[in-house]
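Subject: Handover of a structure, with findings

Dear colleague,

Please find below the structure that I am handing over to you. My notes on what was found in it follow directly after.

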Amino acid sequence: MYYDALRQGLAAPICLTWELTYACNLLCVHCLSSSGKRAPDELDTTEAKRLLDEWAAMKVFYINVGGGEPMTRPDFFELMEYSIEQGIGVKFSTNGTLLDRRAARWIASTDYLDVQISVDGASPGVNDPIRGEGSFSRARTAMELLAAEGFPFKVNHVVTRRSFQGLDELHAMVTGMGGQLRVTRLRPSGRGKAVWEALKLTQAQNRELYDWLRAHPDVLTGDSFFHLSALGQPLDGLNMCGAGRIVCCVDPRGDVYACPFVLAPEFKAGNVRDSSFGEVWQGSPLFERLRGWEVGGQCRSCGAYDRCHGGCMAVKHFTGVDLDDPDPECVRKPEAGSTATLLPLALKPRAISPRAPAASRTVGSGPQP
Amino acid sequence: MKLSDRVRLDDAVALRPERFGALAYSYRDRQLFFVDHALLPFVESAGGHTLGEIAGDLEAAGKVTKEALPRLLTVLEGLRRRGVLHVL
Ligand code: SF4
Ligand code: SF4
């Protein structure tokens, strides 16, 4: 019933991702923002706070903070606390490598703060070829530290052809520690483009995943799998692409994009150094266009249109599919590409850098409870 | 919910005006709720008037019909059950 209201855009985004930095101590093969190195012109602390002030005035209720690895920013704790003081709740995504006991205590004792740890397999054997050697055990340690504080953390899992078999195991591990699992779709964004064909789920896995998600309502999915709702009863969560309508992303330089999965010039609406965020959100021609657009083409005559609305714009864009065509993983059309589950694939994530990462210093010097 | 009830918004809920009415966000359980134009005067009443009085004013102003009232009360009851509204 609220499809039209959402499609036409809100006064402020309800799914606002703020990528704090492009710096990361890992180099995951599917990183949506191709992160690794800090950009020289990232927003400084003053600019970042000004942005938070504006979001508070616009009544942005909460933000999703990511990167890069947001905890590498020396002002990470300062900015998160500032956000919460302004009435903006925070959920931040981290690879967990810099989350030590003090950080776990800070998280557990701060209201309106959520943390989501990225894990891309139920074991090091599956996770580490994607996220880097040693990354599974570091993420697991972070989970244990949070569990020891009794904090109900979230684990974000980008499900791939290789990790699919381990879903039950990962689910059991996370819930066993008092956490909650979130499953995200692999999209061909950033470095994900190079591995998408080989790592995306097969259609058989997509069908199985749909049943699995229906059977596990405790598992969060955001807007990842509404294209699977075309298989039957709709899945919980948003059933439309909210890019530029209710979703947007501010990158470390202050560039505003329609969605964190479309960091491409075609989907850049403006920059918060050139105009206010509100002006970009309310008046950018790109966002206006997205708000007036609905997927057309064959999808309009599809019986599942009400549940799927043509799928994910980012996946279409980065696979060269016309935005008015069905999602490349549309479950109502024949499968394209290889379906082999074990493709010889050279994955080259980097191991956790042995050099002391910036934020292990930050944790010591940041505001602590 | 009865027409003689007075309601107020939960302290942890924020309202943001939108084209269709308002969006309510509960900081307590991080849930969003849609509040349409017809519902807004009840949700914003802060216990100042009974639901019946508000409905009367809205009817007189031609903003809601008698027939729409049961639906509004059902939605308000739903918001009360979710902890967004409290009956005073
Ligand atoms: S482009 Fe894809 S990921 Fe982005 S908002 Fe739309 S459906 Fe979600
Ligand atoms: S044809 Fe379009 S609307 Fe139908 S299931 Fe495929 S992507 Fe979704």
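Over all chains, the count of disulfides (pairs of cysteine sulfur atoms within 2.5 Å) comes to 0. A disulfide is a covalent bond between the sulfur atoms of two cysteines. For C248(A), the closest cysteine sulfur belongs to C249(A) and is 7.2 Å away, which is too far for a bond. C248(A) is also buried, at a relative accessible area of 0%; buried here means under 20% relative accessible area, exposed over 50%, and partly exposed in between, with a 1.4 Å probe and protein chains only.

A word on conventions is needed at this point. The model is predicted, so local features need pLDDT of at least 70 and side-chain atom pairs count only at pLDDT 80 or more, whereas totals for chains, interfaces and linings use all residues. Residues are numbered from 1 along each chain as its sequence is written, chains are lettered from A and ligands numbered from 1 in the order in which they are written, and side-chain values use heavy atoms, with hydrogens and water left out.

Ligands

Which residues are found around ligand 1? With "around" taken as having a heavy atom within 4 Å, they are R187(A), D223(A), F226(A), C241(A), G242(A), A243(A), C259(A), F261(A), C312(A), M313(A) and A314(A). By class, this shell has 8 nonpolar, 1 polar and 2 charged residues. The classes are nonpolar for Ala, Val, Leu, Ile, Met, Phe, Trp, Tyr, Cys and Pro, charged for Asp, Glu, Lys and Arg, and polar for the others, Gly among them. One member of the shell, C312(A), is buried, with a relative accessible area of 11%.

Around ligand 2 are A230(A), C299(A), C302(A), Y305(A), C308(A), G310(A), P326(A), D327(A), C330(A) and R332(A). Here the shell has 7 nonpolar, 1 polar and 2 charged residues.

Nonpolar cores

In soluble globular proteins, nonpolar side chains tend to be buried together. A nonpolar core is here a set of buried Ala, Val, Leu, Ile, Met, Phe, Trp, Tyr and Cys residues joined through side-chain atoms within 4.5 Å. The largest one has 118 residues, of which W18(A), W55(A), I63(A), F92(A), L99(A), L209(A) and F277(A) touch the most other members. A second, separate core has 24 residues, including V13(B), A24(B), F33(B) and V84(B).

L16(A) lies in strand β1 (residues 15-19) of chain A; helices (H or I, at least four residues) and strands (E, at least two) are DSSP runs numbered from the N terminus. L16(A) is buried, at 0% relative accessibility. Leaving aside residues up to four places away in sequence, L16(A) is in contact (heavy atoms within 4.5 Å) with W55(A), V60(A), I63(A), N64(A), C248(A), V250(A) and F277(A).

In helix α5 (residues 124-131) of chain A, the residues N127(A), D128(A), I130(A) and R131(A) are buried. Seen down the axis of α5(A), these buried residues fall within an arc of 165°, so they line one face of the helix; the arc is that of the directions from the helix axis to the C-beta atoms. Among the elements that cover them are β4 (113-118) and α6 (135-148) of chain A.

In helix α2 (residues 51-60) of chain B, L51(B), I54(B), A55(B) and L58(B) are buried. Because they cover an arc of only 100° around the axis, they are on the same side of α2(B). The face turned away from that buried side carries the exposed residues D57(B) and A60(B). The buried residues pack against β1 (7-9), α1 (40-43) and α3 (69-81) of chain B.

Backbone features

Most residues other than glycine have a negative phi, and most peptide bonds are trans. A cis peptide bond joins G67(A) and G68(A), with omega at about 15°. G68(A) sits in the loop between β2 (62-66) and α3 (76-85) of chain A.

Y112(A) is not a glycine, yet has a positive phi of about 60°. Its place is the loop between α4 (101-109) and β4 of chain A, and Y112(A) is partly exposed at 34% relative accessibility. In chain B, R30(B) has a positive phi near 55°. R30(B) lies in the loop between β3 (21-26) and β4 (31-36) and is partly exposed, with a relative accessible area of 36%.

Yours sincerely
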